Amino acid sequence: MSRGRKRSTGRRKSQNRLSILLAAVVMLVLLAVTFVRGYQIRKSLSVYQTRQEELTSQITKEQQRAKEIKEYGKKTQTDEYIEEVARDKLGLVKPGEIIFRNSSKE
């Protein structure tokens with residue numbers, strides 16, 4: 001009977017070693033997968049942060065442009081601007097004004 005117990009104990013030890021080895025392999029595979037995936041995520045994060053900075057800059061520029069357009073719109077509604085355009089673009093004059101034009105071509 002002592003022989004049977006020794007074989008059984010020997011099998012258990014080899015099974016335990018195999019189980020520990022398999023567990024270690026699984027852990028290494030999981031660690032490798034986690035490392036690779038973490039690297040990919042960090043790389044993607046860097047790309048997204050760069051894109052976010054570009055978009056933030058673009059938003060700032062567009063907000064400034066919208067402000068300038070709004071200010072220009074207010075300016076174009078003034079009587080002074082309308083008069084200036086009427087004089088320069090349309091050649092209109094106020095009653096009693098005399099226009100002097102340079103007839104020589106430059």
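Which residue does the side chain of Glu54 meet in a salt bridge? The partner is Arg51, and the N to O distance is 3.5 Å. Keep in mind that this is a predicted model, so every value here is computed from it.

**The overall layout**

Let's step back to the whole chain for a moment. The protein chain has two helices and zero strands. The accessible surface comes to about 10,800 Å², and carbon and sulfur atoms account for 58% of that.

**Salt bridges**

A search of the whole structure turns up five salt bridges. Three of them, with their distances, look like this:

| Pair | N to O distance | Where the two residues sit |
|---|---|---|
| Glu54 and Arg51 | 3.5 Å | both in helix H1 (residues 2-76), three residues apart |
| Arg87 and Glu83 | 3.2 Å | both in helix H2 (residues 79-88), four residues apart |
| Glu83 and Lys94 | 3.5 Å | helix H2 and the segment after H2, 11 residues apart |

Back to the opening pair. Glu54 and Arg51 are separated by about one turn of helix H1.

Now for helix H2. Arg87 and Glu83 are also about one turn of their helix apart. Arg87 comes in at 30% relative accessibility, which means it counts as partly exposed. Glu83 sits at 34% and is partly exposed as well.

Glu83 has another partner: its side chain also meets that of Lys94 in a salt bridge. This pair links distant parts of the chain, with Glu83 in helix H2 and Lys94 in the segment after H2. Lys94 is partly exposed, at 42% relative accessibility.

**Thr76 and the tyrosines**

Thr76 belongs to helix H1, the helix that covers residues 2-76. Is Thr76 buried or exposed? Its relative accessible area is 18%, and the cut-off for buried is under 20%, so Thr76 counts as buried. Its side chain reaches the backbone oxygen of Gly73, at a distance of 2.8 Å. If you set aside the neighbours within four places in sequence, Thr76 is in contact with Tyr81 and Ile82.

Tyr81 turns up again when you look at ring pairs. The structure holds one aromatic pair. That pair is made by Tyr72 and Tyr81, arranged edge-to-face, with 6.1 Å centre to centre and 80° between the planes. Tyr72 is partly exposed, its relative accessible area being 48%.

**A nonpolar patch on the surface**

One more feature to find on your screen: which residues form a nonpolar patch on the surface? Look for Leu18, Leu21, Leu22, Val25, Val29 and Val33, which together have about 550 Å² of accessible area. Val29, one of these, lies in helix H1. With 48% relative accessibility, Val29 counts as partly exposed.

**Putting it together**

So, a quick tour of what to click on. In helix H1, find the Glu54 and Arg51 pair, then Val29 and Thr76. From Thr76, follow its contacts to Tyr81 and Ile82, and from Tyr81 go across to the ring of Tyr72.

Technical notes
Residues numbered from 1 in each chain as written. Predicted model: local features only at pLDDT ≥ 70, side-chain atom pairs only at ≥ 80, totals over all residues. Heavy atoms only, no water. Buried < 20%, exposed > 50% of the residue type's maximum accessible area, 1.4 Å probe, protein only. Phe/Tyr/Trp six-rings, centres within 6.5 Å; stacked < 30°, edge-to-face > 60°. Areas by Shrake-Rupley, 256 points an atom, 1.4 Å probe, with all protein chains shown as cover. Patch = residues over 30% accessible without salt bridge, like charges linked within 9 Å, V, L, I, M, F, W, Y side chains within 5 Å. Polar contact = N/O pair within 3.5 Å; in protein donor to acceptor, adjacent residues only side chain to side chain. Contact = heavy atoms within 4.5 Å.
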